[in-house]
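Visitor: I'm new to looking at proteins. Could you walk me through this one, starting with a sheet?

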Amino acid sequence: MSIHIRDGDIHLLDIRTRMPFKYGIATMTSTPHAFVRLRVEVEGKLAIGISADHLPPKWFTKDPARPIADEVAEMLRVIGHAVEVAHGVRGASAFDVWRQVWDAQAEWGRRQGLPPLLVHFGTSLIERAMIEAVCRAAGEPFAHLLRANRFGIRLGDIHPPLEGRSPAELLPERPSTDILIRHTVGLADPLVDADIAPEERLDDGLPQSLAACIQTYGLRQFKIKVSGDVGRDRDRLRRIAEVIEAHAPADYRFSFDGNEQFHSFDAFRVYWDDLSGTEGLRDFFRHLRFIEQPLHRDLALEPAVGEMMQARPVPARIIIDESDGDLDSLPRALSLGYAGTSHKNCKGVFKGIANRCLLALRERADRSRPYLMTGEDLANIGPVALLQDLAVCATLGLQGVERNGHHYFAGLSMFPADVQQQVLAIHGDLYHPSRDGWPTLAIRDGSVRVGSV
């Protein structure tokens, strides 16, 4: 399948949250939402592909002193360079083109002194738009083309143990039609309606507090953000536990997002022992599924961390997220004792596929070790970014996937009316009209239906 990227452009939409989203050192109240559009020749047939994502402050580079405007400008510079790099690239497959863009973007990023996670955010937007163009040209959905390896993925080029393997050998036979979602509890989220000050109370027909979200959506999985301050986190966790146990089904599960708050494994271990041993929280911690990226990315993959993890293991699976910036990040993490990694389209689709296949291969070889790939997001929204991310998560067979764009943003109210109606007409399983008519995610019994995706 010959691929030729003819050209591309970038479009921005400034959007505001319906309520603040505090994650780690940042609180999001507004963000640019970027779209990348590519014109791609696929076997001589011209097709358009579009990708999209937020430009989230303080995630790709966590520097508390840096102005947010500078970070946004840097993200746009990275995306702009990726579009320039992709212009005119040809290859025998989508994978070949992606690899050319990845390598050129990586070399530029090294010269600029930029972190790989940020550099390849730009690569991923090119990759996602190109994949969509290939799917449109073929007239087939992503999952079908992936299983037939029409993207030309060579898994061994990313992870050598996968040499000679195809995605169809290691991924589920068919994509999920329903995905159980994991609801984010941000550091500033109200837990019950009484926590909401009168001037902050929303009137958009959607739930605002954690208790109201559980009751409205039937939630059973949760992602809890922690600050790293054991006293503050202990008090808040007690309240979160009370709300979840009062309103969620008895089989609820939750994950912890460490937000890179710890600068040594010993510091995290002291925090963990103190928190998990708290009277009144022991039963709650029996529902813990995993811990996400507690250590800062600068040290999370250091050999000394592996030694400490082996010497003083935490009785819970730990995965990387922000440390997953390079193609070899996952095998390095596994060698240290981490259980796996997250998937986000912003970290790369082909990389995520290869990572899932590597974990599947490891699981077959050693069923005693609990490997894990999770689905995470940073307030992802439709009509492009969320749907593409769900398409990949469904194909990889991920469940308990973090979704929170519907909570922090007012559905698709920021888009033109004709776009809103198109989404409701085509994706009536995934979206339904809000009280005011704009599309919002249709969550029932804690799940979303993704058949149309």
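Guide: Happy to! Keep in mind that this is a predicted model. We begin with an open sheet of 4 strands, paired in the antiparallel sense.

Visitor: In what order do the strands of this open sheet lie?

Guide: The sheet has 4 strands with antiparallel pairing. Reading across it, the order is E3-E2-E1-E4.

Visitor: Which strands stand at the edges, and why is one side of each left without a neighbour in the sheet?

Guide: Each edge strand has a single partner strand, so one side of it has no neighbour in the sheet. The two edge strands are E3 (45-54) and E4 (90-91).

Visitor: How many bridges pair strand E1 with strand E2?

Guide: Strand E1 covers residues 3-23, and strand E2 covers residues 26-42. Within this pairing, aspartate 7 stands opposite arginine 39 in E2. The two strands run in the antiparallel sense, and their bridges number 16.

Visitor: Stepping back, how many helices and strands does the chain have?

Guide: The open sheet uses 4 strands. For the chain, the secondary structure comes to 16 helices and 15 strands.

Visitor: Why is the chain called as compact as a globular protein of that length?

Guide: For 453 residues, the globule rule gives 22 Å. The chain comes close to that value, so it counts as being as compact as a globular protein of that length, with a radius of gyration of 21 Å.

Visitor: And what share of the residues is buried?

Guide: A residue counts as buried when its relative accessible area is under 20%. Of the 453 residues in the chain, the buried share is 60%.

Methods. Residues numbered from 1 in each chain as written. Predicted model: local features only at pLDDT ≥ 70, side-chain atom pairs only at ≥ 80, totals over all residues. Heavy atoms only, no water. Rg over C-alpha atoms; globule rule 2.2 N^0.38 Å. Buried < 20%, exposed > 50% of the residue type's maximum accessible area, 1.4 Å probe, protein only. Pairing = 2+ DSSP bridges.
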